[in-house]
Structure formats: structure tokens, C-alpha cells
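Hi there,

Here is the structure I promised to pass on.

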Amino acid sequence: MIDRLSAATVRHRHVVLALGLLLVGVNAATRGSTYLVGQRLLILISLAALVLGVVVMGVRAAYFVVQPQIPAFATPGPAWTVFFALGYLGPASTHVGALVRSTRQGTLSTFDVVFDVLWVVLAALLVTWAWRGQGIRLHPSGVRQTWALGSRTVPWEALQVPQIPSAADPRLWLGMRITQPQLVRRRGIPQSRGATRRDTVDAGFLAAVIGHYIAHPEHRAAIGGQAEYERLLAALPGRG
């Protein structure tokens, strides 16, 4: 049940987020009792979304999305980012409504602007992260990880075969074993230099795939194609 909910949320992430943003916009534009009813509904939705986000956080996808137009194999954006973004939309709507009311009443203060705008910016970052589905992409040239404020690309020639973690390993990072750090390209605010977040994908699956392409450079040029993805799955231990 949880796996199906997570998969459906990932597949329809744009629709879910668009409906949430529409509800926030409509509620912020209303007044009186209608606003109060809408605000309570948003808070209930936000609480339910946060609970669901915590529940599905343990779901780790063990597959890639084939993106021939890039080309790349990409990890699907995790469902918990969508639920967390929805969870922040309720409080963000409250602060947007407070800004609108204070402006209408002429009581807007600098503190109100700073505090409320910070909440809205935080919600915007979460929605952007969930909408774009940042994660890990395998390209013919290397492994790229993106997040809300930056990215990092590690060429294949700068990598060693990663150690496949045990299922009981609780760490959120997968060691990348980078041998030539001068070849790594970074943009924006950096994350850990020598590790890749593993909370968006099954760590064993990711490590096995990276190790396969390190050991078989002749197949890297085909990354991003459906035929190559099917060949990859057949070549992985326990998947063929």
C-alpha cells in the first residue's frame, strides 16, 4: 500500500503540487469565514501530508527512469519531498494571508515582512525541490547529483567501485570513493564532497549500477537508452 502510494505520488507529482498551490492561492485571496474554513482545511492537509512524508521516507526506489532526451538514467524524485512541500503550504498560506491582511489594514511592519517572507521562501524552495525531483542521474560522462541549491558531477574516470552497503546501514550517504577530486564539477552551494545522498534510492541498487559502469566502460555511451537499461538490469546480480 505504502509502495503504491509513493509510486503514484512520484508519477503525478506535478498535479499534486499544482493542486496544493492552487488551494493556497485561492485561500489567500478570500476573506472572512471562507478564509477561516479554507485555512483550517489547509492545516489539516498539511498535517496529513507531513505524516505521510515521514511514513514514505523509508521507501527507497530500486529502479531508474530512462531519459533518452538527456540522455541519462535518473532516480525518481522521492515521494516524501512532495508530501513535505505540501506540509509547508498550510503555514505558508497563513503567512501570505497575514501579509495581505496587514497590507489592507495598513499595519504592516518590517518584522511581519521579514518573518512571513522567510516562511514563503522556505515553502517555495521545498516546492521547487519536489517539483523538479532532484536526485541522481547517470550520464555517459559520469554521475550527477542535484539538489535545490546546487549540483555535483563526477566523471566516471574519477570513480572507484563503491562498496555496497548492507541493508541495515542507517547512513544517508553512499561513499563515492573519488580518486581524482580535481575532475569533479560543482555548482551552487556544495554538499558532502565524497558522498552521494542515498535517501532517494535503494543504496545497494545504486552502488551496484555505478560499480557496473566503472567495471564496464564500453557500455557508458549507451546510458539513457531503453535497450541499455534492460541490458543493465539483466546484468545486475539478482535482477536478471
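Below is what I found in it, grouped by region.

First, some housekeeping. This is a predicted model, so local features need pLDDT of at least 70 and side-chain atom pairs count only at pLDDT 80 or more, while totals for chains, interfaces and linings use all residues. Residues are numbered from 1 along each chain as its sequence is written, and side-chain values use heavy atoms, with hydrogens and water left out.

Helix packing

Helices here are DSSP runs of H or I with at least four residues, strands are runs of E with at least two, and both are numbered from the N terminus. Axes are lines fitted to C-alpha atoms, for helices over the stretch in contact, and the angles run from 0 to 180 degrees between N-to-C directions.

The axes of α2 (residues 13-29) and α3 cross at roughly 150° and come within 9 Å.

For accessibility, buried means under 20% relative accessible area, exposed over 50%, and partly exposed in between (1.4 Å probe, protein chains only). L99 lies in α4 and is buried, at 18%. Its C-alpha is 10.0 Å from that of F115, 16 residues away in sequence. D112 sits in helix α5 and is partly exposed, with a relative accessible area of 23%; its C-alpha lies 8.3 Å from that of A98, 14 residues apart along the chain. W129 is also found in α5 and is partly exposed at 24%.

The loop between α4 (79-105) and α5 (110-132) holds L108, which is partly exposed at 39% relative accessibility. L108 also belongs to a nonpolar surface patch of about 540 Å², together with V113, V117, V121, L125, L149 and I189. Patches are made of residues with over 30% relative accessible area and no salt bridge, joining like charges within 9 Å and nonpolar side chains (Val, Leu, Ile, Met, Phe, Trp, Tyr) within 5 Å. The areas come from the Shrake-Rupley method with a 1.4 Å probe, and for residues only the protein chains shown count as cover.

A salt bridge and a cis peptide

How many salt bridges does the structure hold? There is one, taking a side-chain nitrogen of Lys or Arg within 4 Å of a carboxyl oxygen of Asp or Glu as the criterion. The side chains of E228 and R231 form it, at 2.7 Å from N to O. These two residues are about one helical turn apart, because they are three residues apart in helix α7 (residues 226-235). E228 is buried at 7%, whereas R231 is partly exposed at 24%.

Finally, a cis peptide bond joins I70 and P71, with omega about -10°. P71 is in the loop between β1 (65-67) and β2 (72-74).

Best wishes
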